[in-house]
Amino acid sequence: MKKSPSCDMRSCLMCRMTLTEWKPVIAAHKKNFVVKRGEQIIAEGDPVNGVFFVTSGNVKVHKKWGDKELILRFANAGKIFGHRGLGSDSGVYPISATALEKTELCFIPLDFFKTTLKVNADFMYNLLLFYAEELQSSERKMRNLALMPVKNRLAVALINLQVQFGLDEHGFINVELSRQDLAAYAGATYETVFRTLNDIVSENLILIKGKNIQITNEAGLELLTHG
């Protein structure tokens, strides 16, 4: 990690929700870094020492799944990661986090983060809501892995990516993912995802150009998410 210029102190959940009087205290404790594409920020099993906020870029949050990798979610600008280690009896991170592109990060040490929660009720409340939403999302993902065929899981993954990242000026989902990462997000093998994507293209539900994917029939793809 390399040090980076300070963030704007306005973009992430913490800075948006904390008291105005608390922001100079955050500025005194935070550390800003830049990581390059493919650089691992947290390794599963590392001691918990703080939480991270993404200033710009994109991070995959993932964990071991048998002999494979499962991507739990993506953290783009303003999002938090590393918080799953809070309150852990083991004192280690239960997830890994890796930059998918050049990414700017804000690191908050653990003890100061806990103090911030105690001092800022709005921030604590909104973080609680975030935890609840993330838990529901994780439960849906586990249910889908158990019950849904790969084609349906891939449809869910594409819809979720479009919701989180939006569209670029050409109507493609505004994030570039390798087929391996897409497979890890859908909970399938690379070979199965490659074949299934071709099936969905042949049904005129999506269009693929390189690593870019465009949903051309959102209603049709949405139907698959209920399978």
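Helices here are DSSP runs of H or I with at least four residues, strands are E runs of at least two, and both are numbered from the N terminus. Counted that way, the protein has eight helices and eleven strands. Its radius of gyration is 19 Å, close to the 17 Å that the globule rule gives for 227 residues, so the protein is as compact as a globular protein of that length. That radius is taken over C-alpha atoms, and the rule itself is 2.2 Å times the number of residues to the power 0.38.

Some housekeeping before we go in. This is a predicted model, in which local features need pLDDT of at least 70 and side-chain atom pairs count only at pLDDT 80 or more, while totals for chains, interfaces and linings use all residues. Residues are numbered from 1 along each chain as its sequence is written, and side-chain values use heavy atoms, with hydrogens and water left out.

Now the overall picture. The C-alpha trace spans about 55 × 40 × 30 Å along its principal axes. Of the 227 residues, 47% count as buried, where buried means under 20% relative accessible area, exposed means over 50%, and partly exposed is in between (1.4 Å probe, protein chains only). The accessible surface comes to about 11,800 Å², and 53% of that belongs to carbon and sulfur atoms; the areas come from the Shrake-Rupley method with a 1.4 Å probe, and for residues only the protein chains shown count as cover. Take the contacts between residues at least 6 apart in sequence, and 72% of them join residues at least 24 apart, with contact meaning heavy atoms within 4.5 Å. As for charge, the mean positions of the 28 positive and 24 negative charges are 3 Å apart. Lys and Arg count as positive, Asp and Glu as negative, and His and the chain ends are not counted; each charge is placed at NZ of Lys, CZ of Arg, CG of Asp or CD of Glu.

Let's start the strand tour at β8 (residues 96-99). Ser96 and Thr98 point one way from this strand while Ala97 and Ala99 point the other way, and all are buried. Strand β3 (residues 40-42) pairs with β8 in the antiparallel sense over two bridges, and Ile42 stands opposite Ala97. For two strands to pair, DSSP has to find at least two bridges between them. Strand β5 (residues 58-65) also runs antiparallel to β8, joined to it by four bridges, with Val59 standing opposite Ala99.

Follow β5 onward and you reach its hairpin with β6. Eight bridges join β5 to strand β6 (residues 68-76), again antiparallel, and Asn58 faces Asn76 across that pairing. The hairpin has two residues between the strands, and Gly66 takes a positive phi near 65° there.

Next comes β2 (residues 31-35), the strand in which Lys31 is found. Four of the five residues of β2 are buried, so this strand is largely enclosed by the rest of the structure. Lys31 itself is partly exposed, with a relative accessible area of 46%. β2 pairs with strand β9 (residues 103-109) in the antiparallel sense over five bridges, and the bridge partner of Val35 in β9 is Thr103. Leaving aside neighbours within four places in sequence, Lys31 is in contact with Leu105, Cys106 and Phe107. Leu161 is another matter: Lys31 and Leu161 are 130 residues apart in sequence and 29 Å apart in space, C-alpha to C-alpha.

At 16% relative accessibility, Val48 counts as buried. Val48 and Leu110 are 62 residues apart in sequence and 7.6 Å apart in space, C-alpha to C-alpha. Beyond neighbours within four places in sequence, Val48 is in contact with Gly85, Gly91, Val92, Tyr93 and Leu110.

Finally, over to helix α7 (residues 190-202), where Thr196 lies. Thr196 counts as buried at 9% relative accessibility, and apart from neighbours within four places in sequence, Thr196 is in contact with Val150, Lys151 and Leu154. Asn204 lies in the loop between α7 and β10 (206-209) and, at 57% relative accessibility, counts as exposed. Its backbone deserves a look too: phi of Asn204 is near 60°, a positive value in a residue other than glycine. Most residues other than glycine have a negative phi.
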